[in-house]
Amino acid sequence: MRVVLAEDLYLLREGLIRLLEAHGFTIAAAVETGPELLEALLAHRPDVAVVDVRLPPTLTDEGLQAALKARREIRGLPVLVLSQHVQQLYARELLADGTGGIGYLLKDRVFNAGQFIDAVRRVAAGGTAMDPDVIAQLMQTTSRRPGPLLGLSPREREVLELMAEGCSNSAIAARLSVSDGAVAKHIANIFSKLELAPDEDANRRVLAVLAYLNGTAGQSG
Amino acid sequence: MTTETRTSGMSVRAQTREALQAGGQGLARLAQLVLAAVPGFVLPVGAAVFAGVMAAQFLQYYFPASLVALSVAAVVGSAVAAACVRRTADRTRRFLQRWYGIRLPAVYDPLPKLESDERGHWWTGYSYHRSQTVAKYAQLVHWGLRDRTTRAEMLWLVVNPVLVAALGGAVGLLLVLGTAFALAGPVPADAFGPMSPRLTSIVLSLVVGIGMVLTGIVLAPYAVRGYAEVARRVLDQDGRATHAQLTRRVAVLTETRADAVGNQAAELRRIERDLHDGAQARLVAIGMTLGTIEHLMETDQEAARELLAEARQSSARALQELRDLVRGIHPPVLAERGLGDAVRALALDSALPTEVFVSLPDRLPAPVEAAAYFSISELLANAAKHSGAEQVWVDILYRAGLLRVTVTDDGVGVADPSRGTGLRGIERRLGTFDGVLAIDSTSGGPTTITLELPCELSSPRTSTSSAKV
């Protein structure tokens, strides 16, 4: 699987290259600035991009902007965004087009190589991988605010959270210690309560996560 | 002066029209001046005369009646004059500001506080009094006689009516006499050419009369201009008032600078302490744990593995602490996206549903952004904690060098800066930038808090770099 990597800190970049290569990925390009990233993405069309939010020259959200721009050119280009901090705002922007193939993780997650590689693979396959921190922030605000998600049962909310993190049905079943069938039933309930019309399943999962992010976030922005 | 230079290239007719327009405007202003000068003069004098006459009436059988009446007249007259003095000067200041854009700052010396000593006497700063009321008035008189601006205003109370009478009287005389001449005042004259003496006389008086009226009209603006000049001299005391304002400004700046420096030092201490007790200590602990693990690798691999897990958790916590610290110093979204998105991110994390409207043409200067952000953050936290509101609205608007933020909630109201330290802190934070905080919070709600920060926009940073791509 071919990866384009964007990270401006030399040590971290080298570490990521080593980590990804050790797990059988091919590094198509490893860049350090926003413009270079956009160029590399458009030139190489990788299977997945691993991108740091903050990149030179502005050291603002250059990486995020370059990734979003590339996804407008190449629809559904899988992008895993790494950041020192996670923000609902950025998570919503990344998921906004509803096509999936999006991950948004704290840089710390790289410490756990297994989880990180798993997230890269899931994103490359068109799934989502939201950082548990984003989910935790959301949990705090949803529990205090009215919204469409209040109609969900506690178990359904748990399932939705794990879906947002990017777990597959069987992974959710394992985490919650229930059967695969029960998970499938919960997910069907979630889809109907959030009024998501039957569609391609993976896409509906993204939409459900998106509803999760939007529904709880109020009407701001 | 500007009108003259502009009219130099115009036709005679346009020049005449403009002169007449200016004259009309001048006349209107003159009339306003006369009307405005009347109360400042008529009220004290009228009151004095009235009081004197009444006193004389009541005391007419006593010998020193005229003396008493005079002193009563003097006291009443000066009391009423004192009541008029500031208003008259303020009215003139307004006229000058509106007509010529001349700003005359009125900077008064601060009125010293009354202090009572252990005997219960009141010390005004220069004399003792038994009664607080007497002390208050004594102090007021003393202050009024010593304060430079008030003295200038008192002078103006006298100069103003004289000046208005002289200037307005001159122009008014020209107009009235001119009109009288034109209508009724045949100038004696001999026959001139084919015209009879009577016709010549009428024509001549018409010419003289209209000439006088026109002169009056044309002179009116100059009269107003002259009035403004004298007013400026008297009220500004040749720049001393402006100087006093500068002094005041320097005092304010000194205070806000001390605040800013103090805040900054406190912030640095907090950061140092947090780093020292938090992340730094954890890293030391991780180092020690790693040392132990190295040792245990040979002997007890199971224990080594447990310690490794612990070290990883420790490193994760250190990172979390650093992240929180960074957020407290300068929130990442603020750095990356600016005020608008940073507040939107705040709204997403807020316990209350929060609507954010942003109208910012560009990035603001970083210190202003940070001050506004932390103030809004504090206000949102307040709303969530105290107001009992169900909805919060944040409105961020930049217009003409002023950033205005309003935070409104539908809660129960009564936000009071004297109760909590939060609003005070915001006030101090904004003070460094000459910003102000206004609270509109009646009991029963809603609460609207407005922040205003004067600032200039910085150059766009993000847009230039993305334009290169």
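**Group meeting: surface patches, a helix face and salt bridges**

Let's start on chain B. B:Arg151 sits in helix H5 of chain B, which covers residues 148-184. One caution before going on: this is a predicted model. B:Arg151 has a relative accessible area of 44%, so the residue counts as partly exposed.

Next, a patch of another kind. B:Val34, B:Val38, B:Phe41, B:Val42, B:Val45, B:Val49 and B:Val53 make a nonpolar surface patch. Its area is about 540 Å². Take B:Val45 from that list. B:Val45 belongs to helix H2 of chain B, residues 12-58. Its relative accessible area is 41%, so B:Val45 is partly exposed.

B:Thr16 is partly exposed, with a relative accessible area of 41%. Now look across to B:Val218. Along the chain, B:Thr16 and B:Val218 are 202 residues apart.

Over to chain A, and helix H8, residues 169-176. Which residues of H8 in chain A are buried? They are A:Ile172, A:Ala173 and A:Leu176. Look down the axis of H8(A): the buried residues fall within an arc of 100 degrees, so they line one face of the helix. Turn to the face away from that buried side. There you find A:Ala174 and A:Arg175, both exposed. After H8(A) comes A:Ser177. Its phi is positive, near 55 degrees.

Now salt bridges. Side chains of opposite charge can pair when their charged atoms come close. How many salt bridges are there over all chains? The count comes to 27. I'll go through a few.

Pair one is A:Lys107 with A:Glu7. The closest N and O atoms are 3.3 Å apart. Why does this pair tie together parts of the chain that are 100 residues apart in sequence? Because A:Lys107 lies in the loop between strand E5 (102-106) and helix H5 (113-124) of chain A, while A:Glu7 lies in the loop between strand E1 (2-6) and helix H1 (10-22) of chain A. Buried or exposed? Both A:Lys107 and A:Glu7 are buried.

Pair two is A:Arg155 with A:Glu158. Their side chains meet in a salt bridge of 2.9 Å, N to O. Both residues lie in helix H7 of chain A, residues 154-165. They are 3 residues apart, about one turn of the helix. A:Arg155 has a relative accessible area of 30%, so A:Arg155 is partly exposed. A:Glu158 comes in at 33% relative accessibility, so A:Glu158 is partly exposed as well.

The side chains of B:Arg363 and B:Glu369 form a salt bridge at 2.8 Å, N to O. Why do these two count as buried? The cut-off for buried is under 20% relative accessible area. B:Arg363 has 8%, so B:Arg363 is buried. B:Glu369 has 2% relative accessibility, so B:Glu369 is buried too.

Last item: a network. Which residues are linked in a network of salt bridges? From chain A, A:Asp61 and A:Glu93. From chain B, B:Arg337, B:Asp341 and B:Arg344. Find those five in the structure above.

That's my part.

Notes. Residues numbered from 1 in each chain as written. Chains lettered and ligands numbered in written order. Predicted model: local features only at pLDDT ≥ 70, side-chain atom pairs only at ≥ 80, totals over all residues. Heavy atoms only, no water. Helix = DSSP H or I, 4+ residues; strand = E, 2+ residues; numbered from the N terminus. Buried < 20%, exposed > 50% of the residue type's maximum accessible area, 1.4 Å probe, protein only. Arc of directions from axis to C-beta. Patch = residues over 30% accessible without salt bridge, like charges linked within 9 Å, V, L, I, M, F, W, Y side chains within 5 Å. Areas by Shrake-Rupley, 256 points an atom, 1.4 Å probe, with all protein chains shown as cover. Salt bridge = Lys/Arg side-chain N within 4 Å of Asp/Glu carboxyl O.
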